[in-house]
Amino acid sequence: MSALVRRYGWPITLFMTGTTAVWLVVMVILPALVMVEYSFHPNLPVTKRGGPEDYYTLTNYAALFRGIDLTTWTFPNDFTVFIRTIWGASLVTFLSLVVCYPIAWHVAKIAPPRRAAVMILLLVIPFWINEILRTFAWYIILAYQGPLNAALLGLGILDKPVRWLSGSGGVLIGMTYAFLLFMMFPLINAIETLDTNQVEAAKDLGAPTWQIHRRIVIPHAKPGIAVGCIMVFVLAASSYIVPALLGSPGTRWFTETIYVWFFEGQDWPRGSAYAFILLTLCITFIMLVMRLFKVGLADIAK
Amino acid sequence: MSRDVQLDHVTMRFGDFTAVSDVSLDIRAGEFFSFLGPSGCGKTTILRMISGFMEPSAGAIRIGGADMAGIGPNKRPTALIFQNLALFPMMTVAENIAFGLEMRGVDRSARRKKAMELLDLIALPESADKRIDQLSGGQKQRVAIARALAVEPQVMLLDEPLSALDLKLRQHMRTELRAIQRRTGLTFIYITHDQGEALTMSDRVGVMSRGRIDQVGPSHAIYDAPATPFVATFVGENNVFAGTLTDAAGGIGHVETAAGPLRASLPEALPKGAPVLVFVRPERMRLGPGPDGLNTVTRPVSHVDFEGNFVNVALDSGGGAHGRAMLVQLPNDGRVPAFEPGSAATVSFDPGQARILPAGELAKE
C-alpha cells in the first residue's frame, strides 16, 4: 500500500484500491453471502419471511442426501445427478489430459518455432467463436444423421450409426472440447520450461520414450498438469450449456438440477444450498489435486 | 593400436552451412582426446554425431569397429556429460546415478549398491539421498560423471562440462577428471574452447577451425610445433610477422618483413618468394639485441602488465604484423628494467625459437 502511495500518490491509490474493494465486496462477496444465508432458511412465501416459521435450518443441505438407502441401494434423483456430475467431470478431466498431453509435448518441444506458433493459432481460433455456437456445432457433428456417423460408416469403422447424443458420450466429447485450452496452455507452459538437455540426457542413458515421459517430463510438468486438471474439472462440474445442449434426460448435470430448483421449483433456498455444495465439491477437488500432486499455491501461480 | 572411435570422412551440413567438413580421425581406446576450437568450429556437432543425437550427412562413425549409422543415443556404448550437466532435479543423487541402470531393468537393491560404489569413487558417500539443489557446483559435476559411469560406457563424451565452474574449482576438476579417466581406463572425448583444459588433461588434442581439423597431436606438439597459422595463434599467444621467403638453408628460412629481415626455423620446404608468417612466442623473446643485430626489433612500449612471476610487455605493432601488438613475456628474475610507456625497447629471438608457416588465416584475437 505504501509503495503504491509512493508511486502514484494518495488520490490514485485510493481510487484503485477503492474500486477494487467495491467490486470485490458488492459483486462477489455480498451476493455469495446472500446466497449462503438463503441456503439456511426454509422455502417460505414472502409474507411469512421473518415470521415464526422462518428459522435457520440445515434441511436444504440434508435434502440432497435424504432418501439414500444403502440396504436396498436406492438413491434419490438429485444425489444420483450429483455423483454423476463428479464422475463425469473427472472423466472429462482425464480425457482432456490424455488428448492434450501429446499435443502440448509436440508444441513445446518437438515443433520448430514457426510450426508451434501456427499450431497454437489453430488451437485458439475456434475459441473466438461463442461457446453456444461451438457446442451447437458438436450437436450437428454428433447427430444420428450427422457427419461423424456418415464418416465412420463410410470408412467402414461402423456398420450402423451410433446415437452419440442419447448417452453421456456427447456430453463428454463436448466438454472435453469446450475446455481443451484450459488444459492445453498450462501443459505447454510447464513442458516448455523443461531443459531439453534433460530429455537428451535421459535418452543418452538408455531411456525409451515412454520412460522419458514417465520419469522426466511428467514429474517436471506436474504443476501444469495440476492447474489444467483443476481448471477443467471446475469448469466441467459447473458447466451448464454443454450438458443442456448435448445431454439427454438420462444425463442431467448437477448445474441443471440447481437451475430447476431456482427457476422451475421456485425454491431458492434449496437451489442456493445445492450451489454451495457444488462450490464445496470444487474446492475439495482443488485441495485434493494439490495434495496428490504435492504442489502448493506458489507452484500453481507459476 | 586399437581404434575405439573412428571418424571416416564425416561431414555434417545444415542447409547451406557445412558445420563439419570431411573429418577423418582415429581415437584410440583408453585415450583422453580433446577437440579444441572456438565456438562455431564444429566441435559440438562432432560430439553430437558420436553420441547419436545427429546423423552425419556423409561419412561413417565407428565405435569399437561397429558402424553406428541408424543407432540411437540410447543404444550406443557412449555416455554424454552435458555442458549444464542436465542432472534430474526431481530425483535424489542416488536415483540420478542409478537412472541408466533403472532403464536397463536392474533391480532396486543392485542399483542402490552400484550408486553407493560410484559415490565412493567420486568421494561423496554421504550424499546419496540429498537433492540435487543441495549440492555445490563441483559436487554436481562429480555426480554427473558418476551418472555417466554407471552405465559402464565404452566412451565418455564431455561437452565443456567445466565451463560453469569458477577458476579454482575448474583447475581442481581437471586433475580429478584425468584421475577418473586413468582409474577407469575409458576413452574420454572432451570438447572445449579452453586451451588450458585441453593441453593439461589430454593425451592428444585436435584443434578445429571452420569445420575442419587443423592439427592432431600431443599437447606439446600443438604448442611448440603448430601446423597452421590458426593453431599458432589460437593455442597460446604468438607474435606474428608477415613477409616473403627469400632464402632457405639448413632448415632455417630468411624472411623479408616490415620489421626487417628475420631468420626462423622452416619446418616444411617452401618455394622462394612464398608469402609466409613468422611466429614467435612471447616467452621465447628476450630483452636486448641479438648477435650482430640478428632478429632484433626496436619498438615503443605501449603498456606493461605486472603478473608477479612474469612481466608482460606490449610493444606497438608499428602498423605491420596484422595490426597486432607485439608481446614479450619476461620472467621476473629481478633484472627486468622499469619500462616507461612510450620509451623504446629492443627485443630479439633465436632463429630456432621462431617458426615459419605458409600465410593463412589467424585465430581471432
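Helices (H or I, at least four residues) and strands (E, at least two) are taken here as DSSP runs, numbered from the N terminus. Counted that way, chain B comes out with eight helices and 20 strands. This is a predicted model, in which local features need pLDDT of at least 70 and side-chain atom pairs count only at pLDDT 80 or more, while totals for chains, interfaces and linings use all residues. Residues are numbered from 1 along each chain as its sequence is written, and chains are lettered from A and ligands numbered from 1 in the order in which they are written.

To start with overall layout, the C-alpha atoms of chain B fill a box of roughly 80 × 45 × 35 Å along the principal axes. Chain B has 365 residues, and 40% of them are buried, meaning that 20 or more other C-beta atoms lie within 10 Å of the residue's own, with C-beta atoms placed from the backbone (12 or fewer makes a residue exposed, and anything in between partly exposed). Two residues are in contact if their C-beta atoms, again placed from the backbone, lie within 7 Å. Of the contacts in chain B between residues at least 6 apart in sequence, 65% join residues at least 24 apart.

Chain B splits into domain 1 (3-229) and domain 2 (233-358), with bounds that come from an automatic or database domain assignment. The centres of these two domains of chain B, taken over C-alpha atoms, sit 38 Å apart. Where they meet, nine residues of domain 1 of chain B are in contact with seven of domain 2 of chain B. On the domain 1 side of chain B, that makes seven nonpolar, two polar and no charged residues. Here Ala, Val, Leu, Ile, Met, Phe, Trp, Tyr, Cys and Pro count as nonpolar, Asp, Glu, Lys and Arg as charged, and the others, Gly among them, as polar.

Next comes the contact between the chains, to which chain A gives 15 residues and chain B 16. On the chain A side, helix H10 (196-204) and helix H11 (209-237) each supply at least two residues. The largest share, six residues, belongs to H10(A). By class, this side of chain A has six nonpolar, five polar and four charged residues.

A nonpolar core is a set of buried Ala, Val, Leu, Ile, Met, Phe, Trp, Tyr and Cys residues joined through C-beta atoms within 7 Å. The largest one has 155 residues, and Leu187(A), Leu157(B), Ile189(B) and Val278(B) have the most contacts inside it. H11(A) provides the largest share of this core, 15 residues. Leaving aside residues up to four places away in sequence, Leu187(A) touches Cys100(A), Tyr101(A), Ala104(A), Ala221(A), Gly224(A), Ile225(A) and Gly228(A).
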